[in-house]
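Here are a few notes to read alongside the model. Take them one at a time, and find each place in the structure as you go.

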Amino acid sequence: MDEFSEFFGMPNWSVTNAFRVLTRRKPLEDSSESKLAKVLSAFDLTALGIGSTLGVGVYVLAGEVSKSHAGPAVVISFLIAAIASIFAGLCYAEFGARVPKAGSAYIYSYVTIGEFIAFLIGWNLILEYAIGSASVVKGLSTYLDSLCGYAMRDFLAEHLPINVHGLSAYPDLFAFIVTILFSWAIASGAKESTRVNNVFTMLNLGVVLFVIIAGLFKVSSRNWSIPKSEVPEGYGEGGFMPYGVSGIIKGAAVCFYGFIGFDCIATAGEEAKNPKKSIPFAVIVSLAMIFLAYFGVSTVLTMMLPYYAQDESAPLPHVFRIYGWHVAEYVVTIGAMFGLCASLMGAMFPLPRIVFAMSNDGLLFKCLGEISTKYKTPFKGTMLTGLLCGILAAIFNLSQLVNMMSIGTLLAYSMVASCVLMLRYEVDDRRDSRIIGNGRVTMGQEQSCSLWRRLFNLNGQTVSTRQTSRIVTVVVTLFSIWCLIFSQILTKFEEDLAHTTQFDVLLLILGAIPLILMLFIISRQPTSGVKLSFKVPLVPWLPGISILVNIYLMIKLDIMTWVRFGVWITIGLAIFLSYGIRHSRLRQREQRNNSMTLLRDSSDTTLLKQDRSKYGNEVPLILMHSSS
């Protein structure tokens, strides 16, 4: 047992020591000098967020959601999804201003919750970005192949078939080569790779603007008020909301995934020139521009053509083909290519930064975090992660793995919102010895008051303490657990809103009361006095809503997605327990501090013994002299 304890960095085995090791927290103010080049401006970060998030979704989502879920009310679905995304984006913006380091949600949870949870978040983000990159490059390959009459598919399937269940029918060599080329471009330097991304993003936005302006010449408000008699069977009731409110909510859940990707901005915090200002700016501006693009395209699309006549896979080329605008059709096709390239760059850019941050902290293998002296980037880590993405894209059938991206992202969003709450109410160590509550409340009085007075802060404390910080941590944990239960109740309303009973409504109200009560308890606690360049407004309400939305969308994922997620987590736990927990920089720092303390104590003891041996015989004489 002693060897086991020493292996995991514990003086002796106990639940307390195990908990302490797993919850080691990284100092918020890390004084270590960054080895990454600080070359990214606010414009570069904004373009990175837009490119990663907008991508090809703007060319597909509006047609799919309007036809199958919301009808013309898809514009409201995009609005709801944008608001929910902005809640998560504001939390990222505050953390970017607070902790401008490479690693995004990983580093945020490291400084707030602890090492173990931080590793799980980082490991999930690796999965998210790897599968995201592989799926985008697979889409790029398939899109190009379709333009060429599927010549590449037919040739490779005939000459290099893969007859293994669950894998692709053939090795997608084009996808593999493109991934390696993009990895090399990213590894060549942050500034150089963002210049390429800026070009793709600007061309993509230019095509979106062209679609909106060109479509305005053929819009008709009649397509937003089609009578039920003209609507084919199976396409709702007609009008602006043919599928009702439930259709809008379902559409919003689908549209929410169209806003995933902006978190890549936070991963580049260590390479930004002025991260505490540029990260909040880039997150908010990119989300606003993405919403305007989705809103504009969906408005024009549903007003040019009835929602039930949309093409789900390629709505924009389809509508321009109907009007005989073949030039516009080709422009949109080219725009989709640029969108895919921007998405690929945005998906691949954060992956080596996450790996670098975890390797730099000792939780992953050291070689993955080595910085190239020539390029000032984690060159080896970038190329190895690019190789991983290329293999996934080349040999795997990714149709069943796309949902895996969602788990990592939504879990990261929830953790960031929770971390914002905990840090906003963290203890103020400089004034923890006393509380200024109307100028008269002391620590001793605070500890002796009843629990309900502490929960609702009836003593009027204005300075956060360890006790108030602990209350917030416990309540945030309970809030997240209750969100799981409440989300099950909400699912009933989404799936069958027309047949809900009064009991269902009562159950919904009773389920919402504890959530509101817990957020109110958090709001009553004193906040930290730390000054930041950006803070989330309406805390704790906005982060609380963000946690609820993310957890609700997570429970909507299918069971096989959770099984594959469990397998990935098992692999991560094996790495953490066998390597990360022993090579953690925090553990090494603790060992150095303990060694220095022991050395100092032994030195003091030696000096004391020397003094006693030197002056020991003189002490009685001095005492006798003083007594006389």
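Predicted model: local features only at pLDDT ≥ 70, side-chain atom pairs only at ≥ 80, totals over all residues.

1. Helix H3 covers residues 42-54 and helix H15 covers residues 326-348, and the two pack at an angle of about 110 degrees. Angles of 65 to 115 degrees count as roughly perpendicular, and H3 and H15 are therefore roughly perpendicular to each other. Their axes are 7 Å apart, and the crossing is left-handed.

2. Which residues make the contact between these helices? From H3 come Leu48, Gly51 and Ser52, while H15 brings Ala342, Ser343, Gly346 and Ala347. Sorted by class, the contact of H3 with H15 has four polar residues, three nonpolar ones and no charged ones.

3. Now please look at Glu115, which sits in helix H7 (residues 115-147). Is Glu115 buried or exposed? Its relative accessible area is 0%. Buried means under 20%, so Glu115 counts as buried.

4. What does the side chain of Glu115 make polar contacts with? One partner is the side chain of Tyr110, at 2.7 Å. Another is the side chain of Ser584, with a polar contact of 2.5 Å.

5. Finally, see what else surrounds this residue. Leaving out residues up to four places away in sequence, Glu115 touches Val21, Leu22, Thr23 and Arg24, along with Tyr110, Leu363, Phe576, Ser584 and Leu586.

Methods
Residues numbered from 1 in each chain as written. Heavy atoms only, no water. Axes fitted to C-alpha atoms, helices over the stretch in contact; angles between N-to-C directions. Helix = DSSP H or I, 4+ residues; strand = E, 2+ residues; numbered from the N terminus. Parallel < 35°, antiparallel > 145°, perpendicular 65-115°, else oblique. Left-handed = near helix turned anticlockwise from the far one by under 90°. Contact = heavy atoms within 4.5 Å. Nonpolar A, V, L, I, M, F, W, Y, C, P; charged D, E, K, R; others polar. Buried < 20%, exposed > 50% of the residue type's maximum accessible area, 1.4 Å probe, protein only. Polar contact = N/O pair within 3.5 Å; in protein donor to acceptor, adjacent residues only side chain to side chain.
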